[in-house]
Structures are given as C-alpha cells and as structure tokens.
Amino acid sequence: MTDLYLDIAELPEAMQDMMGDLLVARAEDARMREIRRTYFDWLDLPPGGSALEIGSGPGDVVADLLERTSLATATGIDPSPVFTRRATETYAGRAGLSFEIGDARALGAADASVDLVLFHTTLCHIDGADAALAEARRVLKPGGLLVVFDGDYAANTAALGRFDPLQCCVDAFADIMIHDTHICRDLPARLAALDLALIRKDAHGYLSHGEAVYFRSLVGRGADALAAGGLIGTELCAALHGEIAARHAAGRLFGFISFHSFVARKPG
C-alpha cells in the first residue's frame, strides 16, 4: 500500500471526494480547530500580508487562517482538481481568498513574493519534501515565515491494550494515507540546511475518547485498507467496523495523535 495523496489527481473523482470528506471532518473537529488557531495566534505577520497554503485540500484551513490573522490575501495550492473545485465553490465570494491547482515542488509564485507559506498536515504527503521546502523558501519575502504543522504519525494509537486489533487499522491508515510518517522528527535539521531560522516549535496532542467523527473515520478507513490490500477478508473487515461502532457508542473509542508545529523565518 502507498500514500494515496502522492498521485491524487489521477484517482477517480469519487475517491478524491471521499478523501475530501475526511479532510473536512478533521477541519471541523473541535480539537483540530483549537490546535490550528493556537499556532495561528503565534504568527507575527505584517498587516495586509499575503500567504500560500501548500496542499490546501477543500480550503477550510486557509480560509480560517485568513480570518484569524492580519493577512489581506491567501491562496490555497493543491494538486487535486476535485479539492480545488470544492474549495472554490465553498468559499466563492470570500474576499482575498483564492485556490489554484499546483505542485508544491514547482510553485507558480514569483521569487520573494509572499509573507507566509504554510504546510498544514501536507508535507508528510510530498515525495520530495526537501524540494518543496526549498520552493517555499524561494517564494518567501526576506523575513517571511515558513510554517509546518504535521503529525508524528509513527506514534499514532487507538489501542486500549496489547494486541488491540484496532491498532492494525490505525497502522494501515498510515500506510495508505501518509508518505513519510516520521517527517517531524528531523524537520529542524532540514530547515537549518535551507538557512531558515527556527523560531518556535511545539507539540499539540489530539486526544479522542469516542466522540470524534474524524478519528472514527480514520480507524474505519484503515479497516477498509486492510481488506482492499487482501490482508483480511470481508467478514473480518465488517467485524472491525462493528467493533469501531460499538466502542464509539460506549464512549470507548480511544485515539491519540501527536502533532508538531514549526515556525521558521527566512533571513531578512
């Protein structure tokens, strides 16, 4: 199995829509909203500035960024035509907000043209993360900010105890949805190699105890991935979904993801 986001533009539209639904569920999750707004509030941005979000999906994060900060304009860049169309339709008429199809490793923006570049849970999906970071540095103005928010997905867990079968679902989800599950662990060194000064780094815990639609969907997609990969049969897949639903109903569906945020500045 491999990260579906690597070639997302080539996937059937129905598959892209399903993935978009999962991104919307995550963006609307109360804890995820709280986390992103926490690090948005740390950003020292010039009034009337401009931003790019790389891998903007259905557009919810970059729309929130524009609303919560002093930015005047923000553009979401994503390789998926389905995501880009959804974002454009959802936020039609929102002043200063636009969306484009594009590649993180070859942005259309001019050199030194934006005040902020954001990767919000997208750098882990890019085959060539260093090239994407270098491209982000190129388009930043002197003194501009590069912000990366991503998960330490190698440590994801849903287990209530040893040998919990739902942990296999979480691990399978990582296999099909995340190219580099360890991206956060050496990101400071990658930023330093590009002469980007790390000015803040933090960890943000996402903890679910049964109520989160996002985490329930994540575990369920993992069960489906095990079946699609031929590792389990349809009966076991159905049983796993039954267990997920039962734990959710009883308030016992546990999940934890450790997210990390990094804010770096381009030399002025």
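## A charge over a ring

Arg200 lies over the face of Trp42, 3.5 Å from the ring centre. A charge sits over a ring if NZ of Lys or CZ of Arg is within 6 Å of the ring centre and within 35 degrees of the ring normal.

This is a predicted model: local features need pLDDT of at least 70, side-chain atom pairs count only at pLDDT 80 or more, and totals for chains, interfaces and linings use all residues. Residues are numbered from 1 along each chain as its sequence is written, and side-chain values use heavy atoms, with hydrogens and water left out.

## Aromatic pairs

Rings of Phe, Tyr and Trp (its six-membered ring) pair if their centres lie within 6.5 Å; planes under 30 degrees apart count as stacked, over 60 as edge-to-face and the rest as tilted. The count comes to seven aromatic pairs. In one of them, Tyr39 and Phe40, the ring centres are 5.0 Å apart and the planes at 75°, so the pair is edge-to-face. Tyr206 and Phe215 have centres 6.4 Å apart and planes at 25°, so they are stacked.

Tyr39 and Phe40 are buried (under 20% relative accessible area; exposed is over 50%, partly exposed in between; 1.4 Å probe, protein chains only). Tyr206 and Phe215 are both buried too. One aromatic cluster is formed by Tyr39, Phe40, Phe149, Tyr153 and Phe259.

## Positive phi in two loops

Phe163 is not a glycine, yet its phi is positive, about 65°. Phe163 sits in the loop between β5 (140–151) and α6 (165–177). Helices (H or I, at least four residues) and strands (E, at least two) are DSSP runs, numbered from the N terminus. Phe163 counts as exposed because its relative accessibility is 73%.

Asp195 also has a positive phi, near 60°. Its place is the loop between α7 (187–193) and β6 (197–209). At 47% relative accessibility, Asp195 counts as partly exposed.
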